[in-house]
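Hi there,

Here is the structure I promised to pass on. Have a look at it first, and then read on for what turned up.

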Amino acid sequence: MFTDRVDQKDLPKQDPEYLDLLRRVLAIQADCEIGGPHLYVDAMLPSAPTRIDQLVVARTAAEEIDHFRKFARLAGDIGVDTTDLLSKPNQNRYLEAFRGTITTWEDFAVFGFLIDRVGKYQLEEFAGCSYAPLSRLLEHPSRILDEEAGHIDFGTTRTAEMAAGDEQARARVQKALDFWYTTGLDMFGRGESGRAERYRVWGLKRRTNAEARAQYLAEVNPLIESMGLQVPDPLVGRKYL
Ligand SMILES: [Fe+2]
Ligand SMILES: [Fe+2]
C-alpha cells in the first residue's frame, strides 16, 4: 500500500497509473456534484410547496455547484478540463443516478436521504487520502462534508414526514425509496472491482466497494424501518453486484 502524501508539485514524479486514477476520480466526483442540481432545479425550484422548501432547493443546488467548483479546480490543476460538465445532458452523466430528472417532492427528499448519503461515503474515502490537496478538502472541519450532512438531514427528515402521512402518501414515498435504494447501492460499484483495488493500492480510497456498501446498508436499513417503510430487497434490479 502506497503511504506517501503527494502534493501537486510532486505529481510529475508519480507513477502514470497514480495520475490516471487521480484524474479519473476527480472528473467523476466533479460530474456527480454538478449532476445533482441538474436533476432537480428545473422542476423543483418553482414548485416547492413552502418558502423554506424553495430556499432549501436553491441552497442545496448552490452548495453542490460550489462542490463542483472545488473538484473542478483540483482537476484543472492536474490538467483535466471539466468545463463541458457544466452543460452536459443528464443522460450522459457518469453515474446512472444522475441520468434522469427529479420532478416530485418524494424523489427530491429520498434523493437527499439515500443518494447524498452515498455521496458522503465516497467523500469520506478522500479524507486522509494520498493526494494532499484532495484530502484537505475533506478533512475535518470540511465545509463540503458539513453541507452534505445538511442535505442528508433534510432528505431524511422530509422522507420520514411523508412516510408518516396517510396510506397514499406512504405508498408514494415507498415507490421513490424502492427506486433510489437500488440506484444508490449500484453507485458503490462492483464488489469485486479491479479498479477499486488499484485506488486502494495508491491510497486514493480506503474501503473496498463491498465494505462501503455493507456499512451503508447497516446505516440506512434501520432508518428505513424506523420510518415504517419497507426495506427493499438489496439484490433486486441491481446492475453492479
Ligand atoms: Fe456535494
Ligand atoms: Fe449533497
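Read from one end of the sequence to the other, the protein chain follows the pattern α-α-α-α-α-α-α-α. That makes eight helices and zero strands. Please keep in mind that this is a predicted model.

On overall shape, the radius of gyration of the protein chain is 18 Å, close to the 18 Å that the globule rule gives for 241 residues, so the chain is as compact as a globular protein of that length. The C-alpha trace spans about 60 × 35 × 35 Å along its principal axes. Of the 241 residues, 54% count as buried. Among contacts between residues at least 6 apart in sequence, 79% join residues at least 24 apart.

As for the surface, the accessible area comes to about 11700 Å², and carbon and sulfur atoms account for 53% of it.

Now to the salt bridges, of which the count comes to 21. One of them joins the side chains of Arg93 and Asp31, at 2.7 Å from N to O. This pair links distant parts of the chain, with Arg93 in the loop between helix 2 and helix 3 and Asp31 in helix 1 (residues 16-47), 62 residues apart. Are these two partners buried or exposed? Arg93 counts as buried because its relative accessibility is 1%, under the 20% cut-off, and Asp31, also at 1%, counts as buried by that rule.

Glu219 lies in helix 8 (residues 209-226) and Arg117 in helix 3, so the pair ties together parts that are 102 residues apart in sequence. Arg117 is buried, with a relative accessible area of 6%, whereas Glu219, at 22% relative accessibility, counts as partly exposed. Lys120 forms a salt bridge with Glu219 as well, the closest N and O atoms being 3.2 Å apart. Here Lys120 in helix 3 and Glu219 in helix 8 are 99 residues apart. Elsewhere, salt bridges that share partners join Lys9, Asp10 and Lys13 into one network.

Gly79 counts as exposed, at 65% relative accessibility. Between Gly79 and Arg23 there are 56 residues of separation in sequence, and their C-alpha atoms are 8.2 Å apart in space.

How values were computed. Residues are numbered from 1 along each chain as its sequence is written. Chains are lettered from A and ligands numbered from 1 in the order in which they are written. This is a predicted model: local features need pLDDT of at least 70, side-chain atom pairs count only at pLDDT 80 or more; totals for chains, interfaces and linings use all residues. Side-chain values use heavy atoms; hydrogens and water are left out. Helices (H or I, at least four residues) and strands (E, at least two) are DSSP runs, numbered from the N terminus. The radius of gyration is taken over C-alpha atoms; the globule rule is 2.2 Å times the number of residues to the power 0.38. Buried means under 20% relative accessible area, exposed over 50%, partly exposed in between (1.4 Å probe, protein chains only). Contact means heavy atoms within 4.5 Å. Accessible areas come from the Shrake-Rupley method with a 1.4 Å probe; for residues, only the protein chains shown count as cover. A salt bridge is a side-chain nitrogen of Lys or Arg within 4 Å of a carboxyl oxygen of Asp or Glu.
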